[in-house]
Amino acid sequence: MQPEIVKIMRVVIQVKEAAAKAIHQLYGVELQANDILVNATKPEFTGDYTVVLFAFVKQLKKSPDALGQELGDLLLGEYKGFFTAFNVIKGFLNLTISDDHWLGFIHSEYQNSLFGQSATNGQRVMVEYSSPNTNKPLHLGHLRNNFLGRSIAEILKTNGYQVTKTCIVNDRGIHICKSMIAWQLFGNGATPASTHTKGDHFVGDYYVLFNDEFKRQVEVLKAAGKSQEEAEKEAPVMKATQQMLLDWEAGKPEVMELWRTMNSWVYAGFEETYRRIGSDFDKTYYESNTYLLGKDLVETGLEKGVFFQKTDGSVWIDLTPEGLDEKLVRRGDGTSVYITQDIGLAEQKQKEFNAGQSIYVVGDEQNYHFKVLKLICQKLGLPSADGIYHLSYGMVELPTGKMKSREGTVVDADDLVEEMVAIARQKTEELGKVKDFTTEELAELYDTIGLGALKFFLLRVDPKKRMVFNPEESIDFHGFTGPFIQYTHARIKSILRKSGTTKRPPDATRDTQSLLPLEKELCIYLETFPSVLADAGAEHDPSKLAIYIFNLAKIFNSFYTEHSIGNAENEEKKTLRLELAQLTAQTIKTGMNVLGIRVPERM
RNA sequence: GGUCCCGUAGUUCAAUGGAUAGAAUAGAAGUUUCCUAAACUUUAGAUACAAGUUCGAUUCUUGUCGGGACCA
């Protein structure tokens with residue numbers, strides 16, 4: 001074994017490659033390292049890593065026991081100093097890795113502030129997330145979106161990608177006209193400044209007013225004998241809104257002016273929220289600029305025969321061969337539909353950034369839409385089409401069911417953040433551990449903890465799955481939570497402040513101590529961090545990382561309770577444990593930062 | 001009508017076809033002369049149902065029941 005490789009290569013990979021080589025040597029069968037299943041050994045068995053043998057039993061015509069014995073014997077002989085023991089139980093070959101190897105790993109990485117980071121790979125990825133509408137403020141669902149988008153972007157950066165974060169703002173259409181109409185009717189010239197209201201909430205309030213007024217007018221018309229449908233069509237506010245949309249499209253100056261003004265209020269509000277929750281974008285697109293994109297692509301598609309025209313002039317694509325149906329891409333009156341501008345924007349982004357991968361963080365109610373989008377782009381032959389990936393996430397629900405604006409059950413993002421921070425404050429004051437902090441330091445700490453709890457809560461779940469947010473139970477700082485991890489970090493930093501960092505001189509000879517079970521468990525788990533980051537990136541799943549950091553903190557806490565660091569049995573142990581503590585703190589910090597969560601030095 | 005997703009402890013979440021299905025919380029019982037008890041230790045508790053595929057199924061296939069989304 002080359003010593004350099006030992007340091008760089010992950011242990012699991014080494015085990016796989018060694019096993020593949022051994023099988024080749026013993027039986028002449030060529031296997032790829034990745035075809036071999038290697039897991040961490042379950043705690044109730046002896047060993048560190050386990051080769052699952054069942055898969056080869058048939059092919060090699062060996063009993064699992066015999067195969068395990070032969071393989072174990074060969075591996076132990078060939079890789080002295082790496083493997084130190086093995087046992088075979090049923091079809092499982094449990095291998096023990098030498099303490100020397102783990103010690104070497106800790107010694108070489110404990111000061112590495114880039115532990116887990118991959119070298120740049122020269123590939124560009126775009127991540128589009130957030131995608132707000134300008135008629136109302138952000139809610140809990142947007143928070144999940146923002147945290148996912150931001151963290152997946154950061155994860156991909158650590159994986160060596162060059163990442164561009166984009167945002168498409170839905171700033172036009174009937175919804176914003178509703179707010180505008182309501183403001184004209186009921187606003188009396190009020191502004192966010194005059195009412196001391198955050199701009200996005202201000203505009204959102206008029207959206208609510210619109211709906212109230214609309215409902216009222218519909219009732220009046222129904223009382224006058226109209227059907228529901230007729231009433232909704234004829235309600236004066238609705239007619240006014242539709243006229244306003246036409247005026248907007250025609251570029252009528254007063255309408256444009258009002259639209260710009262109201263949107264600017266909203267952007268000021270969004271800006272504040274984004275700053276608070278840590279979302280930022282390298283490039284923001286506005287639908288008012290992009291909604292006409294893609295029209296020329298409809299022509300291209302018709303020429304290429306990808307699209308076809310019906311007798312009423314509407315243009316369609318036939319996706320029945322793909323198991324979907326026919327999809328409209330341009331209406332008979334020549335106006336385009338939602339998907340057309342998405343195709344156009346995809347093309348434009350490709351021209352601007354030419355990213356190999358384009359990730360769209362969008363709710364799973366649009367699964368069908370993105371399936372269609374990708375297919376159409378592929379059929380049109382857009383070079384970036386294969387790189388389209390819909391990072392589809394499930395809705396955040398309340399214990400009572402879905403959030404409904406009509407029933408006032410929408411959880412507002414700003415309110416929720418403030419509530420979390422307030423609870424962090426209350427909890428911190430109760431514990432009274434940071435009485436010497438300045439006001440600024442306290443404010444920062446409350447933010448760190450409150451936002452940490454919220455972000456971790458939303459990121460710890462597989463994005464694809466729907467999740468339930470229980471306002472009472474979710475605001476917990478114990479157990480599988482952000483503050484638990486932050487606390488572990490703060491405690492480690494406290495130990496390091498008191499015990500000093502490690503005293504190992506750079507030329508110190510490698511020690512010969514043996515690892516205690518809890519020390520070893522921590523080593524093994526730390527060593528997997530880079531592959532967890534890689535997995536989380538490849539799977540587009542930050543929850544893998546969140547779960548890892550939580551487990552790491554838990555393992556450290558068990559270790560810490562059992563073994564003294566500052567008053568270790570001897571200097572050698574003390575040095576090792578300080579190194580373990582340093583690397584654990586570093587790993588927690590890197591992992592949490594990648595999730596967009598800060599970790600305090602003290603709390 | 002068609003397509004897709006989801007059903008795991010009381011609750012919220014895990015488990016690339018692998019060993020006795022893990023955590024957290026709520027419940028029960030403990031741990032402070034010593035590095036931060038927002039911690040630690042012990043305990044009890046679950047794969048919706050029925051078939052099939054195989055050495056082995058929470059995972060794959062089919063059906064039933066339940067929840068959700070989308071398309072026209």
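The buried residues of helix α5 are His101, Trp102, Leu103, Gly104, Phe105, Ile106, His107 and Glu109, where buried denotes under 20% relative accessible area, exposed over 50%, and partly exposed the range in between (1.4 Å probe, protein chains only). Helix α5 covers residues 99–109, and because eight of its 11 residues are buried, this helix is largely enclosed by the rest of the structure. The model is a predicted one, in which local features need pLDDT of at least 70 and side-chain atom pairs count only at pLDDT 80 or more, whereas totals for chains, interfaces and linings use all residues. Residues are numbered from 1 along each chain as its sequence is written, chains are lettered from A and ligands numbered from 1 in the order in which they are written, and side-chain values use heavy atoms, with hydrogens and water left out.

Chain A contains 24 helices and 14 strands; these are DSSP runs, with helices being H or I of at least four residues and strands E of at least two, numbered from the N terminus. The C-alpha trace of chain A spans about 90 × 65 × 40 Å along its principal axes. Of the 603 residues in chain A, 53% are classed as buried. The accessible surface of the chain is about 28300 Å², and carbon and sulfur atoms hold 51% of this area; the areas were computed by the Shrake-Rupley method with a 1.4 Å probe, and for residues only the protein chains shown count as cover. Among contacts in chain A with a separation of 6 or more, 74% are between residues 24 or more positions apart, a contact being defined by heavy atoms within 4.5 Å.

Individual residues illustrate these contacts. Tyr207 lies in helix α9 and counts as buried, since its relative accessibility is 15%. Apart from neighbours within four places in sequence, Tyr207 is in contact with Asn135, Lys136, His175, Lys178 and Ser179. The C-alpha atoms of Tyr207 and Lys178 are 6.0 Å apart, while the two residues are 29 positions apart in sequence. His175 belongs to helix α7 (residues 174–186) and is likewise buried, its relative accessible area being 13%. Beyond four places in sequence, the contacts of His175 are Asn133, Thr134, Asn135, Asn170 and Tyr207.

Leu324 is placed in the loop between β9 (315–318) and β10 (326–330), and its relative accessible area of 16% makes it buried. With neighbours within four places in sequence set aside, Leu324 is in contact with Leu319, Tyr368, Lys371, Val372 and Leu375. Leu324 and Val12 are 312 residues apart in sequence, with a C-alpha to C-alpha distance of 42 Å.

The structure holds 32 salt bridges, each requiring a side-chain nitrogen of Lys or Arg within 4 Å of a carboxyl oxygen of Asp or Glu. Asp200 and Lys198 are joined by one of these, at an N to O distance of 3.0 Å; Asp200 counts as buried because its relative accessibility is 1%. Lys252 pairs with Asp247 at 3.7 Å, N to O. Lys252 is partly exposed at 34% relative accessibility, whereas Asp247 is buried at 15%. A salt bridge also forms between Glu352 and Lys283, whose closest N and O atoms are 3.0 Å apart. This pair links distant parts of the chain, with Glu352 in helix α15 (residues 338–353) and Lys283 in strand β7 (residues 283–286), 69 residues apart. Glu352 is partly exposed at 35% relative accessibility, and Lys283 is partly exposed at 27%.

Lys and Arg count as positive and Asp and Glu as negative, with His and the chain ends not counted; each charge is placed at NZ of Lys, CZ of Arg, CG of Asp or CD of Glu. A positive patch comprises Lys215, Lys402, Lys404 and Arg406. Lys215 is located in helix α9 (residues 199–223) and is partly exposed, with a relative accessible area of 47%. A negative patch comprises Asp415, Glu419, Glu472, Glu473 and Asp476. Helices α17 (413–431) and α19 (471–474) are the elements that give two or more residues to this negative patch. Glu472, in helix α19, is exposed at 66% relative accessible area. Over chain A, the mean positions of the 69 positive and 81 negative charges are 1 Å apart.

How values were computed. Patches are made of residues with over 30% relative accessible area and no salt bridge: like charges are joined within 9 Å, nonpolar side chains (Val, Leu, Ile, Met, Phe, Trp, Tyr) within 5 Å.
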